[in-house]
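Trainee: Could you help me learn to read how helices pack in a protein model? I would like to go step by step.

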Amino acid sequence: MDDGKKRFVNEVTALGKAFALAIPQDAAMDVKDEVAFFQAVKARLCKFDQTNSGKTDEEIETTIRQVIDKALISEKVIDLFDAAGIKKPDISILSEEFLMELKGMEHKNIALEVLRKLLEGEIKARSKFNVVEGRTLMEMLDGSITRYHNKIITAAEVIDELIKLSKTIVEKDQEAEGMGLTTYEYAFYSAVADNESAKELMGKDKLRELAVILFETIRKNSSIDWTIKENVRAKMKVAVKRLLRKYGYPPDMQQLATETVLKQAELLAEEMAKQ
């Protein structure tokens, strides 16, 4: 087996081990097909090597790209769960170790696709309970991928950007924990803090207090069918505006903040109704 194939096989092997460590987190489960796909490519190349020797690294790369572009997934892939023998993860899917392992992969296109898919799944999960955070993070992800597709940045550079985005996600979780806010309380904090003038005028502590009050107000009305009872929604809108004024939220930003809070409230109502 030549050097090009060896690097690919070694990297897919490392990817499989990292993925196995992350099982059964949702972010890992979201990309299990992609990981299985790379395992299938690896198996195909190993078999290919046995019958078709003499291929150059460039030809190997071309083969890999063609398979990736077609998004072919083998029906007979290794069961990573059984192979790993691990049922519980012992590292975060976005841990420093995992990210650095991806960054060090020789085949940047593979590392990029895996990281993109992981982040996309993580962000979509957050979008279900945090309007602002989900929107902001997805814009960052899409922006980086678009610049890469437009050849403004290289694969290595976009991987660096996605690693920074991964760290931003972790930092947001740490911020919520440091502020003593629950997931939903932090979601309302994100809604009212999504404005620089508000953060400068009110400060983090006052915005935190406002977020907790907004959450409690919305939670008490979480059983409301917001899509039907528009009169109740209108009353909630008035209540939100009143709280914003009471806490000194910038007047010129109150309308936008109110709409954002109401979108967040609808998400909260939907999620609590499921529970």
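Trainee: How are helix 10 and helix 11 oriented to each other?

Mentor: Two packed helices are described by the angle between their axes and the distance between those axes. Axes here are lines fitted to C-alpha atoms, for helices over the stretch in contact, and angles run from 0 to 180 degrees between N-to-C directions. The axes of helix 10 (residues 183-192) and helix 11 (residues 196-219) cross at roughly 135° and come within 8 Å. Helix 10 and helix 11 are therefore oblique to each other. In these terms, angles under 35 degrees are roughly parallel, over 145 roughly antiparallel, 65 to 115 roughly perpendicular, and the rest oblique.

Mentor: Before we go on, remember that this is a predicted model, where local features need pLDDT of at least 70, side-chain atom pairs count only at pLDDT 80 or more, and totals for chains, interfaces and linings use all residues. Residues are numbered from 1 along each chain as its sequence is written, and side-chain values use heavy atoms, with hydrogens and water left out.

Trainee: What is the handedness of the crossing of helix 10 and helix 11?

Mentor: A crossing is left-handed if the near helix is turned anticlockwise from the far one by less than a right angle, and right-handed if clockwise. Helix 10 passes helix 11 in a right-handed crossing. On the helix 10 side, the contact (heavy atoms within 4.5 Å) is made by Y184, E185, F188, Y189 and V192. Helix 11 brings residues including L207, L210, L214 and F215.

Trainee: How much of helix 10 is buried?

Mentor: Buried means under 20% relative accessible area, exposed over 50%, and partly exposed in between (1.4 Å probe, protein chains only). Nine of the 10 residues of helix 10 are buried, among them F188, Y189 and V192.

Trainee: Which residues have the most contacts inside the largest nonpolar core?

Mentor: In soluble globular proteins, nonpolar side chains tend to be buried together. A nonpolar core is a set of buried Ala, Val, Leu, Ile, Met, Phe, Trp, Tyr and Cys residues joined through side-chain atoms within 4.5 Å. The largest one has 31 residues, and F188, Y189, V192, L210, L214 and Y249 have the most contacts inside it. Helix 10, helix 11, helix 12 (230-246) and helix 13 (254-274) each supply at least two residues of this core. Helix 11 gives the most, with eight residues. Apart from this core lies another, of 29 residues, including L119, M138, L141 and V158.

Trainee: At what angle do helix 7 and helix 8 pack?

Mentor: Helix 7 (residues 108-127) and helix 8 (residues 131-149) pack at about 160°, with their axes 8 Å apart. That makes helix 7 roughly antiparallel to helix 8. Their crossing is left-handed. Among the residues that meet are L119 and E120 in helix 7, and M138 and L141 in helix 8.

Trainee: Is E120 buried or exposed?

Mentor: E120 is buried, with a relative accessible area of 18%. Leaving aside its neighbours within four places in sequence, E120 is in contact with M138 and L141.

Trainee: How many helices and strands does the protein chain have?

Mentor: Helices (H or I, at least four residues) and strands (E, at least two) are DSSP runs, numbered from the N terminus. The protein chain comes to 13 helices and zero strands. Of its 275 residues, 44% are buried.
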